[in-house]
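Here is a friendly walk through a few local features of the model below. Please keep the sequence and the 3D view at hand as you read.

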Amino acid sequence: MKRIFITLVVSFNAFFAMAQHLPCGSDAKRRELIHNHPEILQQEADHELITNQLINQQKINRANQQIYTIPVVFHIIHQNGAENISDAQVIDAVNILNRDYRKLNADTAAIVHGFDTLCADAGIEFRLATIDPLGNCTNGIERIYSTETYVGDDGSKLHAWPRNKYLNVWVVAQMENGVAGYAYYPSSVSGGFMAFVDGVIILHNYVGSIGTSNVGTSRALTHEVGHWLNLQHPWGNNNDPGVICGDDLVDDTPITKGWTTCNLNGNVCIPGIYENVQNYMDYSYCSVMFTQGQVDRMRAALIDNTADRSNLWTTANLIATGVEPGTELSCAPKADFYPAKPTVCLNENIVFYDNTVNGASTSWQWTFQDGNPATSTVQDPTVSFGTPGWKTVSLTVNNAEGTDSRTITNSIYVSNGLADYGTPYWESFEWYLPFAEKWIVRNRDNNETYFQLYHGAGYTGDYCIMLNNASIITNPFDDGAKDIDELITPSFNLTAVQGSTLNFRYASSTNAMNADDITETLKIYSSTDCGQTWILRKTITGLALATSQGAGGSSYVPVSATDWAYEAVNISASLAQPDIRFKFEYVSSAYSNNLFIDDINIATTTGIDEQEELIVDLFPNPSSEMFTINSNTPGTKMVKVYSATGEIVHDFSMTGISANVDCSKWSAGVYLVSIQASGGTFKIIRYLKF
């Protein structure tokens with residue numbers, strides 16, 4: 001039962017500008033956790049008894065409260081996007097935490113009468129660690145390249161540092177269920193594997209007040225750390241705000257339903273009893289205060305050894321993590337960088353971003369293979385490249401503590417703006433060089449699953465492209481879903497094939513036992529600007545993608561033509577361009593198995609059944625001087641031979657069932673041989689001249 005009631009009428013503070021904000025996900029994650037582990041309810045009850053005992057002890061000695069300092073590490077989970085926030089934005093967020101938890105915020109002057117006397121200094125401070133768990137120098141900010149930034153759940157909490165030494169904060173691009181962030185109570189993560197997910201996970205634009213964030217969302221981290229320190233929402237754990245009047249087990253926060261607007265006259269639950277709308281743990285987004293009762297509860301969480309909170313602020317740990325005055329380390333930088341886009345057109349400007357960690361750099365020395373400029377001393381230089389292909393880029397960084405360098409061989413791919421191939425085009429991957437030289441593989445998670453040439457299965461021949469999803473290795477909190485892999489084609493000149501199609505075969509399996517769990521997708525995109533921007537053209541998902549089901553955990557490989565499906569992407573007027581690339585993007589589910597792709601073709605076969613095709617042999621293949629064409633069909637047949645760029649290098653009428661072709665004067669390379677009978681049936685054969 002609440003013992004303090006506020007009955008003063010207050011006026012609305014118009015200077016609080018309200019906007020639409022995302023909710024906290026802590027209550028929903030707690031309910032999910034209890035559903036899977038109902039024993040947590042007993043853990044919470046036991047912990048509440050201890051908490052009340054510690055609160056009563058603290059009340060006796062409030063005048064001589066110790067300042068508790070908490071070492072913090074920020075894990076920036078990113079894919080080189082806006083979510084890869086700056087060191088300055090992280091430092092700003094820590095400053096806001098310290099301001100709010102020490103009651104140093106100037107807007108306490110706006111606290112309505114009646115609650116102003118309840119506002120309290122928590123006596124808790126936060127410091128970025130300067131020593132990591134291995135004893136190495138750090139600035140308390142690490143950057144992790146991972147597609148988990150688009151997931152935002154417990155599986156996204158990568159590389160957790162020991163929770164008895166650090167408060168872990170994970171920053172991501174997207175959050176599960178559309179929330180701003182969440183944290184668990186100490187009693188929810190008191191043992192076992194839950195130690196690896198203890199901390200705060202939060203959207204990048206709810207961190208600090210600068211960079212990608214703003215003042216309106218800058219207190220979200222204050223709110224989530226409150227949960228980590230055992231504070232509930234003011235309405236308790238009963239439901240989402242605005243539904244049921246509830247209690248947060250704190251005596252001086254009135255019973256409330258919670259607020260999503262800054263109605264400072266709010267008194268819904270008990271007529272005449274005004275509610276603490278400005279509390280950091282509410283959703284009003286005009287929050288400016290913790291009450292003394294909340295402060296007692298948070299400090300009790302730090303005294304108790306539940307979830308290792310009591311070790312964080314000890315002198316020994318402050319020394320071990322480098323936040324004790326006199327023990328802080330200043331680090332040499334560790335060089336890292338990335339381009340604004342992974343591909344670029346010839347002679348087109350692209351920005352390279354310094355992504356250095358550990359210590360702030362004071363100087364930069366870049367070198368760019370075939371770059372203009374070839375060198376730069378700017379932190380984030382703009383460069384263009386005068387020759388096509390993969391480019392090697394190096395960065396050397398320096399500060400007073402030391403120097404470090406990094407070189408990336410395949411840092412960026414430069415397209416020459418001219419098509420690699422004309423049409424018709426047909427690729428069955430029977431020769432490895434075109435794939436190795438012309439195709440681009442992007443392993444977005446830098447993990448063990450990626451598109452690769454595979455020998456031993458194919459719709460045509462013995463080779464195809466495989467994405468080895470059966471190899472996904474996950475941690476206990478990651479089900480393997482939403483791993484992203486990309487396969488980018490060579491460039492094509494499609495100016496002459498409007499109204500035709502890009503065709504391909506695919507085979508895929510899933511370990512799911514019901515259709516609702518088959519959520520993986522294969523998307524096909526097109527780009528007219530060398531892969532800098534992409535337009536979605538086709539999505540295949542669910543049962544349409546799973547040509548085989550129930551792989552039972554084994555590594556799936558197609559064994560017959562019936563395992564393969566056919567798909568076509570229309571080539572409209574917008575794609576009838578001289579330099580087009582296509583991208584196959586696969587997003588995994590929790591039950592994904594291997595994916596295979598074969599027979600990628602443009603303006604050639606269009607899914608014709610085998611009985612509609614000519615039966616034709618071409619031998620020897622490969623050869624250097626001559627090859628022979630044999631056909632089962634009598635009568636005249638038109639034969640056309642296309643180079644890799646789509647030019648007709650040879651054409652003739654074949655009147656019998658056999659013909660010899662002299663290729664001795666042709667350049668070495670890959671050719672397409674098209675044989676079409678008078679009845680319309682035809683066959684495309686890929687020929688290699690050496």
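The buried residues of helix H4 are Ala-220, Leu-221, Thr-222, His-223, Glu-224, Val-225, Gly-226, His-227 and Trp-228. That makes 9 of the 9 residues in H4 (residues 220–228), a helix that is mostly covered. Buried here means under 20% relative accessible area, with a 1.4 Å probe and protein chains only. Just after H4, Asn-230 adopts a positive phi of about 80°.

A word on the basis: this is a predicted model, where local features need pLDDT of at least 70, side-chain atom pairs count only at pLDDT 80 or more, and totals for chains, interfaces and linings use all residues. Residues are numbered from 1 along each chain as its sequence is written, and side-chain values use heavy atoms, leaving out hydrogens and water.

Next, let us visit Ser-376, found in strand S12 (residues 375–376). Ser-376 counts as buried because its relative accessibility is 10%. Its side chain reaches the backbone nitrogen of Val-378 at 3.1 Å. Leaving aside neighbours within four places in sequence, Ser-376 is in contact (heavy atoms within 4.5 Å) with Trp-364, Gln-365, Trp-366, Phe-368 and Pro-381.

Finally, an open sheet of 3 strands runs in the order S28-S29-S32 with antiparallel pairing. S28 and S32 stand at the edges with a single partner strand each, so one side of each lacks a neighbour in the sheet. Strands pair if DSSP finds at least two bridges between them; S28 and S29 pair over 4 bridges. Asp-617 stands opposite Asn-630 in S29.

| S28 | 616–619 |
| S29 | 626–631 |
| S32 | 658–662 |

Conventions
Helices (H or I, at least four residues) and strands (E, at least two) are DSSP runs, numbered from the N terminus. Buried means under 20% relative accessible area, exposed over 50%, partly exposed in between (1.4 Å probe, protein chains only). A polar contact is a pair of N or O atoms within 3.5 Å; within protein, one must be able to donate a hydrogen and the other to accept it, and residues adjacent in sequence count only if both atoms are side-chain atoms.
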